[in-house]
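Visitor: I am new to this structure and should like to understand the reasons behind its description. May I put some questions to you?

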Amino acid sequence: MPTSERHADPRAELLRGDAWEAARDSVARALDRSLDPAVELARLGQLLRTAYADVGENLAQHTTLQVVEQDGQPVVTLSALPAQEESEHLVHVREQLAAALPQVEVAALLREVDAFTGFSLAFTHVADGQPAAADLPLSICAGCWPRRATWG
């Protein structure tokens, strides 16, 4: 199975040592950044101060977001937003999507996913590490299916 880019360590792709030193100036120029940390910290500090001032100015206009005091400490509270009616376009898109999706049996889908990922091999018996069932993948897929509603 190929390495996942989504779940890989991004630091693994960083340049190191001489390769970084050779590329450092051109990377800084391409990103319009200074090599001087003091300059970068001052720029980021100014961005933070500006954002903080913007929030302070706009906070009074927002009724759902408030800063209240609890036990002498400021606490941010966020009220629930009122529900919005679904637009006709959303209903139409939802209907189109439902019509385009194939009808599949979820248990069969789990078996198919297991066939090309082998996820069921990660499961072992709690007592001795040996599978108690003759067909462990089938048992795992059968056990996963009823619990589908509790998974996030």
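Guide: This is a predicted model. The protein chain averages a pLDDT of 82, and 84% of the residues score at least 70.

Visitor: Which helix has the lowest confidence, and which the highest?

Guide: Helix H5 (residues 136–144) is lowest, with a mean of 71, while helix H3 (residues 88–100) is highest, at 94. Where pLDDT is low, the predicted coordinates should not be read in detail.

Visitor: What makes up the fold of the protein chain, and in what order do the elements run?

Guide: The protein chain has five helices and two strands. From the N terminus on, the order is α-α-β-β-α-α-α.

Visitor: How much of the protein chain is buried?

Guide: Of the 152 residues, 7% are buried. The accessible surface of the protein chain comes to about 13500 Å², and carbon and sulfur atoms account for 59% of that surface.

Visitor: Where is Asp 114 placed?

Guide: Asp 114 lies in helix H4, which spans residues 106–117.

Visitor: Why is Asp 114 said to have no salt bridge?

Guide: A salt bridge requires a side-chain nitrogen of Lys or Arg within 4 Å of a carboxyl oxygen of Asp or Glu. The nearest side chain of opposite charge to the buried Asp 114 is Arg 111, 5.4 Å away.

Visitor: Which residues does Asp 114 contact, leaving aside its neighbours within four places in sequence?

Guide: Asp 114 is then in contact with Phe 119, Ser 120, Pro 137 and Cys 141.

Notes: Residues numbered from 1 in each chain as written. Predicted model: local features only at pLDDT ≥ 70, side-chain atom pairs only at ≥ 80, totals over all residues. Heavy atoms only, no water. Helix = DSSP H or I, 4+ residues; strand = E, 2+ residues; numbered from the N terminus. Buried < 20%, exposed > 50% of the residue type's maximum accessible area, 1.4 Å probe, protein only. Lys, Arg positive; Asp, Glu negative; His and termini not counted. Contact = heavy atoms within 4.5 Å. Areas by Shrake-Rupley, 256 points an atom, 1.4 Å probe, with all protein chains shown as cover. pLDDT = per-residue confidence, 0-100.
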